[in-house]
Amino acid sequence: MESLFNIGGNEVTKEILTYSNNILFLSSKERIKSKWKISTYYDIRSRYIHGNDGYQLTKKQESELRDYVREILLIYWNISMLYNIYDPQDIKDLINNTKRSNLDIQVQLFIKYVRTPVDKYSELYNQIRSEFLNKNYSVLSNKNIM
């Protein structure tokens, strides 16, 4: 995440926390919880990786951190491909200037499916289809879509 978001090398933790949280395009309530978790996991990761205090990562912490990193990397990649943006600063600018409501519909769909268990894909598809047929193209903020 450092290589994606901390381009200038300054304020490493702040940059990672801000952009890692923002690229998830969560609701306001979810963002607060996510920012805390990302901050906590980044601190845990740093303690473990740098080995300064003999800190041991639990399996649960490792799994949850891996899930966050995986989701962030996949969304970053998807944004890069769909918006045809390859410069990290341009991606950061897009993240700064894009809300859930004006995020490309394909990115919204991608994010929704990344967060959905495979056994729920059919149900999700039917919900999205129903909303689209009613000309409601909001995916991430739509309360009628799981």
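How many aromatic pairs does the structure hold? The structure holds six, a pair being two rings of Phe, Tyr or Trp (its six-membered ring) with centres within 6.5 Å, stacked if the planes are under 30 degrees apart, edge-to-face if over 60 and tilted otherwise. The model is predicted, so that local features require pLDDT of at least 70 and side-chain atom pairs pLDDT 80 or more, whereas totals for chains, interfaces and linings use all residues. Residues are numbered from 1 along each chain, and side-chain values rest on heavy atoms, without hydrogens or water.

Tyr-113 and Tyr-121 form an edge-to-face pair, at 5.0 Å centre to centre and 85° between the planes. Tyr-113 is partly exposed because its relative accessibility is 22%, and Tyr-121 is likewise partly exposed at 32% (buried, under 20% relative accessible area; exposed, over 50%; partly exposed, in between; 1.4 Å probe, protein chains only). Phe-5, Tyr-19 and Tyr-76 form one aromatic cluster.

Helix 6 spans residues 105-114 and has Val-107, Gln-108, Ile-111 and Lys-112 buried (helices are DSSP runs of H or I, at least four residues, numbered from the N terminus). These buried residues fall within an arc of 135° seen down the helix axis, so they line one face of helix 6; the arc is that of the directions from the axis to the C-beta atoms. Their cover includes helix 4 (59-83) and helix 7 (121-133).

Leu-24 is in contact (heavy atoms within 4.5 Å) with residues including Ile-38, Tyr-68, Ile-111 and Arg-115, neighbours within four places in sequence being left aside.

Terms used
Helices (H or I, at least four residues) and strands (E, at least two) are DSSP runs, numbered from the N terminus.
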